[in-house]
Amino acid sequence: RNIAKEKFSLILKNDLNFLKNSIDKLNLDNNLDNTIKRCAKLIKSSNNIKCLGSGINYNLAKYTSKRIIKTLKRACAFDILENHKHIDISAESSIVVFISNINRPGYQNDALSEIHKIISHNNIPIIITNNSDNRFDEIILPNKSKINVIKIPELSEPFSPYLNIFIINKFIKFLK
C-alpha cells in the first residue's frame, strides 16, 4: 500500500512540475504570443465564431465560448467536434478547435478529418494541439495563408485543461 501511495505521489509531483515548467516556458515564448495575437485579430474580425472540442477538451470549448462572449459582447457557439455538421460549418467563419492531449489514434484521425471538412467549407480554423503534432504545419487555406496552429506541450489528460486555460487567458487578453 505504501509503495502504491508513494508511486502515485511521485507521478503527481512530476506532472505538477512539468505543468509549471511548461507554463513558465510558454510565458516567455514570443512566437506563441505573436500566433495568439494573430488568431485574436482573426476572431475579432469574424462574423461567426465557434469553439469545438471533445472529451476533456469539450469543457474548454464551452469555457472559451463563454469567455469570448463576455469579452467581445458577441455570440460564440460551442459544440463537440464530431457533432459539428456540414450545415453548421457553412454558417461559421472562425472556429477554435481543441485537439491537444487526447492521444488516441482514432480520435486524432477523426479530428483531422473534421478539420479538413472545416477548411473545405472556407472556414478558418484555429487549432490548439501538441508540440509534436505537425500534421497542420503545411496546410494552406483557400485564401493562400497557412492554417493557424497553437502548439502546447503534451501533458497527461488530467493536467491538460490547466495548460489550455493558460492559453485561453492569453487569447482573451489579446481580444481586449
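Asparagine 57 is buried, with a relative accessibility of 0% (buried means under 20% relative accessible area, exposed over 50% and partly exposed in between, with a 1.4 Å probe and protein chains only). The model is a predicted one, in which local features need pLDDT of at least 70 and side-chain atom pairs count only at pLDDT 80 or more, whereas totals for chains, interfaces and linings use all residues. Residues are numbered from 1 along each chain as its sequence is written, and side-chain values use heavy atoms, with hydrogens and water left out.

Asparagine 57 is located in the loop that lies between β1 (49-53) and α3, where helices (H or I, at least four residues) and strands (E, at least two) are DSSP runs numbered from the N terminus. When neighbours within four places in sequence are set aside, the contacts of asparagine 57 are with Phe98, Ile99, Ser100, Ile102 and Asn164, contact meaning heavy atoms within 4.5 Å.

Asn164 also belongs to the set of α6 residues, together with Pro161, Ile165, Ile168, Asn169, Phe171, Ile172 and Leu175, that meet Leu60, Tyr63, Thr64, Arg67, Ile68, Thr71 and Leu72 in α3. By class, this contact of α3 with α6 comprises 10 nonpolar, four polar and one charged residues; Ala, Val, Leu, Ile, Met, Phe, Trp, Tyr, Cys and Pro count as nonpolar, Asp, Glu, Lys and Arg as charged, and the others, Gly among them, as polar. Helix α3 (residues 58-72) packs on helix α6 (residues 160-175) at an angle of about 20 degrees, and their axes are 10 Å apart. Axes here are lines fitted to C-alpha atoms, for helices over the stretch in contact, and angles run from 0 to 180 degrees between N-to-C directions. The two helices, α3 and α6, are therefore roughly parallel to each other, a term applied to angles under 35 degrees, while those over 145 count as roughly antiparallel, 65 to 115 as roughly perpendicular and the rest as oblique.

The passage of α1 by α6 is a right-handed crossing. From α1, the contact involves Leu19, Ser22, Ile23, Leu26 and Asn27, and from α6 it involves Tyr162, Leu163, Phe166, Ile167 and Lys170. The residues of this contact of α1 with α6 comprise seven nonpolar, two polar and one charged.

A search of the whole structure identifies six salt bridges, each defined by a side-chain nitrogen of Lys or Arg within 4 Å of a carboxyl oxygen of Asp or Glu. One of them joins aspartate 33 to lysine 170, with the closest N and O atoms 2.7 Å apart. This pair links distant parts of the chain, since aspartate 33 lies in helix α2 (residues 30-44) and lysine 170 in helix α6, 137 residues apart. Aspartate 33 is buried at a relative accessible area of 15%, and lysine 170 is likewise buried, at 7%.

A salt bridge also forms between the side chains of glutamate 114 and lysine 117 (3.1 Å, N to O). These residues, three apart in helix α5 (residues 105-120), are separated by about one helical turn. Glutamate 114 is buried at 10%, whereas lysine 117 is partly exposed at 27%.

Notes. A crossing is left-handed if the near helix is turned anticlockwise from the far one by less than a right angle, and right-handed if clockwise.
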